[in-house]
Amino acid sequence: MGGFFGTVSNAPCVEDIYYGTDYHSHLGTRRGGMAMSGRDGVIKRRIHDISNTPFRTKFGAESLAVFENCTSGIGVISDDEDQPLVITSKFGTFAIVTVGKINNTAEILQQEMADGRAHLAEYSFSGEPNPSEVAAMLICRKSSIAEGIAHAQQVIDGSLSLLVLHEGAIYAARDFFGRTPVILGVRCDENGAVNARAVTMESSAFPNLDFETECELGPGEIRKITSSGTTVLKAPEKCMKICTFFWVYYGYPSSCYEGMNTESARYRNGASMADQDEEFKGSIDSVCGIPDSGIPHAIGYANRFGRPYHRAFVKYTPTWARSFMPPNQSMRERVAKMKLIPVESQIAGKKLLFCDDSIVRGTQLGDTVKRIYQKGAVEVHMRSSCPPLLYGCRFLNFSRSRNEHELAARQAISELEGTAELTPEILKKYQIHGSKEYIAMVNIIRKKLNFTTLKFQELDRLLEAIGIPKENLCTYCWNGCDPSLCGKNKEGK
Ligand code: SF4
């Protein structure tokens, strides 16, 4: 997916960009880049391959020396393309980083290139034009950077949050429906005077750099950030659909989005799942989380359930960095296995209840369960912290559900329906928690993955646990519903 960070400061700020960007490493696996400018406005840039080594180790003293004396900059961790791009344009030189997904690139290019006055040079890893370059091209079609960003937000189907570094200032924009958070922060000196401003996707990047969260951009909002303050260049839109998965899985535990902390939301969600499991209370020895993302849901579950939280698996963190990206599927599976080491004393002879953030394809989870039984578990109960995934994400490059035909729930439905052609009408029946179709689907997944019992959290209960108004959360993964798909344009007409 990716994440970005930017700073405008009264003093050289390379370390802010370096560490602030590094705190987004859990959001992307392939490229890390920084672009910075000094008081002369000249932009310098470095991009490194981070697929086998963490971001910080790639930016050694030599790389960072390039940015010496720079007082503003942007950085990005990216999954799918080289970033930041530095563009020479009618506005002068600017650097751009983006996070999101453009579904209608071909259509945009056809429209925007018809007059023969635009061209592209960069490609993403998927062989598509680089989305940041497409965004830059759209920005340059209008008479100001802010108008250009608003134009890009309007014509892009999907989502696009971005930072533009231009003449020492940063333009920050949140995507039209606010799928990704964009958070502003300030840092003050000992006299209380602001000495730097920052923008981030993860608020967890702030505390150790001494920034305080000032506010969050609303959906579609555009702001210009300078050392003297921020200016709203485009007011927020009314409809927000922030990605629910920030709280379920990929948001950092210490981060807050829309004022709601990720870790606390996961505890509440675990407790909510435990509330539905009264009948198992006497029979479970301990509650465990599938590392890492299942752990907070399991802690919340265990605390409410009144059974101890134990670690049946531990992750070998000293050498397995999260950003490590093996080149092929069999090696990825091998790495997934090598990272998790079973703790036999916590497994043998026990009836265990596990929480995981979600069940995607189920292959890795099935393998993990096999290992739990091999180590002597008597029963393995599984609780998924969100409902069965039925739709691949079409708004963010969210790798977990890229190929929707592989989703465990879809595979089960295909088996029940005797067809791989799953129409919305068919899928609708399986979305109803507790319907006979839903129960049959869950039972097939349970048998396939060899769980003693399997339950998925209800969508309404998950949204309630997150704690922001339900209508502001994207639920497309689970029910295929979204305002952007209602045949209306972005003005709602
Ligand atoms: S479809 Fe799913 S992953 Fe994509 S933005 Fe919506 S909730 Fe997030």
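**View 1. Two domains in one chain.** Domain bounds here come from an automatic or database domain assignment. With those bounds, the protein chain splits into domain 1 (3–240) and domain 2 (260–484). Their centres, taken over C-alpha atoms, are separated by 33 Å. A word on the model: it is predicted, so local features need pLDDT of at least 70 and side-chain atom pairs count only at pLDDT 80 or more, while totals for chains, interfaces and linings use all residues. Residues are numbered from 1 along each chain as its sequence is written, and side-chain values use heavy atoms, with hydrogens and water left out.

**View 2. Where the domains meet.** Here 22 residues of domain 1 are in contact with 18 residues of domain 2, contact meaning heavy atoms within 4.5 Å. About 1,700 Å² is buried between domain 1 and domain 2, and carbon and sulfur atoms give 49% of that area. Buried area is the accessible area (1.4 Å probe) that two parts lose on being put together, summed over both. Within domain 1, Lys101, Arg179 and Met240 lose the most area to domain 2, together 33% of what that side buries.

**View 3. A salt bridge at Asp157.** Let's look at a charged pair: Asp157 forms a salt bridge with Arg394, and their closest N and O atoms are 3.5 Å apart. A salt bridge is a side-chain nitrogen of Lys or Arg within 4 Å of a carboxyl oxygen of Asp or Glu. Between domain 1 and domain 2 the count is two salt bridges.
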